[in-house]
Amino acid sequence: MKLFTAFLTAASILGAATANPKGNDAKGRFYYKQTCKTCHTKGAKGGEVTPMSKTQAQWKLYFVKAKHNSGTEALLKVMPEEQLRDVQTFLVNHAVDSPQPETCGK
Ligand code: HEC
């Protein structure tokens with residue numbers, strides 16, 4: 001229990017250091033690689049998607065709408081809300097027009 005509290009404290013300090021205080025960039029990268037990338041590499045069924053696929057504004061709008069797979073399913077079906085928040089932070093922070101664009105391993 002103590003360890004868990006320490007982890008939460010560390011996570012919130014890390015989260016506060018990113019551009020978007022609502023989510024955690026580093027955790028978002030982890031969840032993105034762990035889940036989103038299983039379908040979003042070249043040749044996979046979702047096609048290649050990287051943070052650089054959209055601008056910051058486009059990613060924000062994408063998560064406001066929160067519809068995935070050509071609008072056919074809720075993004076929440078992909079992962080729980082807390083993880084989505086971290087992924088959103090990661091994608092926005094490294095979007096094509098961000099200060100640190102990233103392709104996430106490409
Ligand atoms: C189970 C497989 C799968 C997972 C996991 C997955 N996607 Fe997708 N995604 C798809 C498919 C299939 C499409 C539709 C591709 C198309 O229409 O060409 C898609 C489409 C997209 C698109 C293009 C716009 C749209 O909505 O059609 C984006 C952006 C996207 N996904 C982001 C994500 C993000 C972010 C995650 C992780 C939170 C994620 N995807 C996880 C399968 C997946």
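1. A word on terms before anything else: two residues are in contact if their C-beta atoms, placed from the backbone, lie within 7 Å. Helices (H or I, at least four residues) and strands (E, at least two) are DSSP runs, numbered from the N terminus. A residue is buried if 20 or more other C-beta atoms lie within 10 Å of its own, exposed if 12 or fewer, and partly exposed in between, with C-beta atoms placed from the backbone.

2. Please keep in mind that this is a predicted model, in which local features need pLDDT of at least 70 and side-chain atom pairs count only at pLDDT 80 or more, while totals for chains, interfaces and linings use all residues. Residues are numbered from 1 along each chain as its sequence is written.

3. Here is the overall layout. The chain holds 4 helices and 2 strands, arranged along the sequence as α-α-α-β-β-α. It has 106 residues, of which 23% count as buried. If you take the contacts between residues at least 6 apart in sequence, 65% of them join residues at least 24 apart.

4. Helix α4 (81–93) deserves a look. Of its 13 residues, 10 are buried, so α4 is largely enclosed by the rest of the structure. Those buried residues are Gln-83, Arg-85, Asp-86, Val-87, Gln-88, Thr-89, Phe-90, Leu-91, Val-92 and Asn-93. The cover over them includes α2 and α3 (56–65). From first C-alpha to last, α4 reaches 18 Å, close to the 18 Å expected at 1.5 Å a residue; the expected span is 1.5 Å times one less than the number of residues.

5. Asp-86, in helix α4, is buried because 25 other C-beta atoms lie within 10 Å. Leaving aside residues up to four places away in sequence, Asp-86 touches Gly-23, Asn-24, Lys-27, Gly-28 and Tyr-31. Its C-alpha is 9.1 Å from that of Phe-30, although Asp-86 and Phe-30 are 56 residues apart in sequence. Leu-84 also lies in helix α4, but with 19 other C-beta atoms within 10 Å Leu-84 is partly exposed. Leu-84 touches Leu-75, Leu-76 and Met-79, again not counting residues up to four places away in sequence.

6. Now for helix α2 (residues 25–39). The buried residues of α2 are Asp-25, Gly-28, Arg-29, Tyr-31, Tyr-32 and Cys-36, and what covers them includes α4. For its 15 residues at 1.5 Å a residue, α2 should span 21 Å, and its end C-alpha atoms are 21 Å apart, which agrees. Do note the bend of about 40 degrees at Lys-33 in α2, where a bend is the angle between axes fitted to the seven residues ending at a residue and the seven starting there.

7. Next, the core. A nonpolar core is a set of buried Ala, Val, Leu, Ile, Met, Phe, Trp, Tyr and Cys residues joined through C-beta atoms within 7 Å. The largest one has 9 residues: Tyr-31, Tyr-32, Cys-36, Trp-59, Val-87, Phe-90, Leu-91, Val-92 and Ala-95. The elements giving two or more residues to this core are α2 and α4, and α4 supplies the largest share, 4 residues. Ala-95 touches Pro-51, Met-52, Lys-54, Thr-55, Gln-56, Trp-59 and Pro-101, not counting residues up to four places away in sequence.

8. On the ligand: 16 residues surround it, the closest being Cys-36, Cys-39, Gly-46, Asn-69 and Ser-70. A residue is near a molecule if its C-beta atom, placed from the backbone, lies within 6 Å of it. Helix α2 gives the largest share of this shell, 4 residues. The shell divides into 7 nonpolar, 8 polar and 1 charged; Ala, Val, Leu, Ile, Met, Phe, Trp, Tyr, Cys and Pro count as nonpolar, Asp, Glu, Lys and Arg as charged, and the others, Gly among them, as polar.

9. Finally, two backbone angles to check. Most residues other than glycine have a negative phi. Ser-70 has a positive phi, near 55 degrees; Ser-70 is found in the loop between β1 and β2 (73–74) and counts as exposed, with 6 C-beta neighbours inside 10 Å. Ala-66 has a positive phi near 55 degrees, lies in the loop between α3 and β1 (67–68), and counts as partly exposed with 14 C-beta neighbours inside 10 Å.
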